[in-house]
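This report describes a single protein chain for a reader who is new to structural models. Please look at the sequence and structure before reading on.

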Amino acid sequence: MKKQMKELQHLAGIGEVISQRLVESGYDTIAKVAAAEEKGLARIAGMNPKKVRSIVTQARKMTGEAEKHHHTWLQDKYRG
């Protein structure tokens with residue numbers, strides 16, 4: 001649980017308490033936060049409803065950047 005909490009704390013506005021509540025609510029990765037609906041996150045105790053959109057946007061940007069940097073050249077090399 002601590003590892004997931006540390007990962008979530010890379011998002012601005014997420015500290016130790018909120019990261020623990022996110023993990024307990026099933027949002028234990030940045031990808032899950034990125035895929036979350038804002039309404040669901042806003043229901044988490046202590047989550048600032050005004051910051052939810054920013055947090056989701058950050059998470060989506062981070063997961064998008066990770067996908068851009070995932071190199072597929074090895075997969076292409078072995079396909080054909």
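## Model and confidence

This is a predicted model, in which local features need pLDDT of at least 70 and side-chain atom pairs count only at pLDDT 80 or more, while totals for chains, interfaces and linings use all residues. Residues are numbered from 1 along each chain as its sequence is written, and side-chain values use heavy atoms, with hydrogens and water left out.

The term pLDDT denotes the predictor's confidence in each residue, from 0 to 100. Its average over the chain is 86, and 81% of the residues score at least 70. Confidence is highest in helix H2 (residues 16-24), with a mean of 96, and lowest in helix H6 (residues 73-79), with a mean of 48. Over residues 73-78 the pLDDT stays under 50, and the model has one contact beyond four places in sequence for them; a contact means heavy atoms within 4.5 Å. Where pLDDT is low, the predicted coordinates should not be read in detail.

## Overall fold

The chain contains six helices and zero strands. Helices (H or I, at least four residues) and strands (E, at least two) are DSSP runs, numbered from the N terminus.

Of the 80 residues in the chain, 25% are buried. Buried means under 20% relative accessible area, exposed means over 50%, and partly exposed lies in between (1.4 Å probe, protein chains only). Among contacts between residues at least 6 apart in sequence, 34% join residues at least 24 apart.

## A buried serine

Ser 19 lies in helix H2. Why does Ser 19 count as buried? Ser 19 is buried because its relative accessible area is 0%.

Leaving aside residues up to four places away in sequence, Ser 19 touches Met 5, Leu 8, Gln 9 and Ile 14. With the side chain of Gln 9, the side chain of Ser 19 makes a polar contact at 3.0 Å. A polar contact is a pair of N or O atoms within 3.5 Å; within protein, one must be able to donate a hydrogen and the other to accept it, and residues adjacent in sequence count only if both atoms are side-chain atoms.

## Salt bridges

Side chains of opposite charge can pair when their charged atoms come close. A salt bridge is a side-chain nitrogen of Lys or Arg within 4 Å of a carboxyl oxygen of Asp or Glu, and by this rule the count is two. Asp 28 pairs with Lys 32 in a salt bridge, with the closest N and O atoms 2.9 Å apart.

Glu 38 forms a salt bridge with Arg 53, the closest N and O atoms being 3.4 Å apart. This pair links distant parts of the chain, with Glu 38 in helix H4 (residues 38-42) and Arg 53 in helix H5 (residues 49-68), 15 residues apart.
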